[in-house]
Amino acid sequence: MMQGRFISLEGMDGAGKSTHLAWLADYLRDCGIDFVMTREPGGTPLAETLRALLLQQDMTAETETLLMFAARREHVVSVIEPALQRGQWVISDRFADASFAYQGGGRGMPFAMLEALEEFTVKSCKPDLTLLFDVPWEVSRQRLHAGRQQNGAVQLDRFEQEAQSFFDRVREAYHTRAQQSQGRMQVIDAARSVAEIQQDLRVLMDRFCA
Ligand SMILES: Nc1ncnc2c1ncn2[C@@H]1O[C@H](COP(=O)(O)OP(=O)(O)O)[C@@H](O)[C@H]1O
Ligand SMILES: [Mg+2]
């Protein structure tokens, strides 16, 4: 059986990952492609427990980094690899690039350390395609607040509470990672309208699926 393909979605909160994940699911369904949809941190019961800690508990940057990769290891072994081996595609809301952006860019963890952890936990289970939804901090914040007001929720998680400078470093690290990705990561200007973005996504996905 053909091995499935692995697509990850990246970008800051409010960039539009969830919005475009839903579009991508419809697209794959229309193509008759069997897929599983998952997210990071999380995707398994243990990894979801780690997610809750990561989003709420104070901890050092080193601990945060190790817990992220611990959750990722569980996700790779119990969800992603088995699905790909069954021939299903996997679409994940965030994957290892997020650690280079948040723990690397945001928290200042050395990239060489993150590469070693990636090698230790992810090994060859890397995305075939990564869609990076790129927005300036102002846009991300504005959308986040608009969305929150609708839902009536007010509490920000540990990452959302960070200052603009943190997110500027996250965005820059995402860009660096994209430049080094040899075409795997596609940077999408996500400050545009949903319709404009989805036009680009269709072209991109038609090419990827061809
Ligand atoms: N291109 C866009 N233009 C305007 N609003 C958007 C756009 N993309 C997403 N949104 C809105 O912004 C909010 C955050 O989008 P979401 O898809 O949840 O982002 P993420 O999953 O990356 O945090 C949602 O209320 C969504 O409807
Ligand atoms: Mg989301």
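The legends below describe close-up views of a predicted model. Residues are numbered from 1 along each chain as its sequence is written, while chains are lettered from A and ligands numbered from 1 in the order in which they are written. In this predicted model, local features need pLDDT of at least 70 and side-chain atom pairs count only at pLDDT 80 or more, whereas totals for chains, interfaces and linings use all residues.

View 1. Helices (H or I, at least four residues) and strands (E, at least two) are DSSP runs, numbered from the N terminus. Along the sequence they follow the pattern β-α-β-α-α-β-α-α-β-α-α-β-α. The radius of gyration, taken over C-alpha atoms, is 16 Å, close to the 17 Å that the globule rule gives for 210 residues, so the protein is as compact as a globular protein of that length. That rule is 2.2 Å times the number of residues to the power 0.38. The C-alpha trace spans about 45 × 40 × 35 Å along its principal axes.

**View 2. The shell around ligand 1.** Ligand 1 is surrounded by 15 residues, and the closest are G16, K17, S18, T19 and R143; a residue is near if its C-beta atom, placed from the backbone, lies within 6 Å. The elements that give two or more residues to this shell are α1 (17–30), α6 (137–151) and α8 (194–209). By class, the shell has five nonpolar, seven polar and three charged residues. Ala, Val, Leu, Ile, Met, Phe, Trp, Tyr, Cys and Pro count as nonpolar, Asp, Glu, Lys and Arg as charged, and the others, Gly among them, as polar.

**View 3. L54 in helix α2 (residues 45–56).** L54 counts as buried because it has 20 C-beta neighbours inside 10 Å. The cut-offs are 20 or more other C-beta atoms within 10 Å for buried, 12 or fewer for exposed, and partly exposed in between, with C-beta atoms placed from the backbone. Leaving out residues up to four places away in sequence, L54 touches P41, E64, L67 and M68; contact means C-beta atoms, placed from the backbone, within 7 Å. P41 lies in the loop between β2 (35–39) and α2, and the peptide bond from E40 to P41 is cis, with omega near -15°.

View 4. R94 counts as buried, because it has 23 C-beta neighbours inside 10 Å. With 6 C-beta neighbours inside 10 Å, Q182 counts as exposed.

Technical notes: Two residues are in contact if their C-beta atoms, placed from the backbone, lie within 7 Å.
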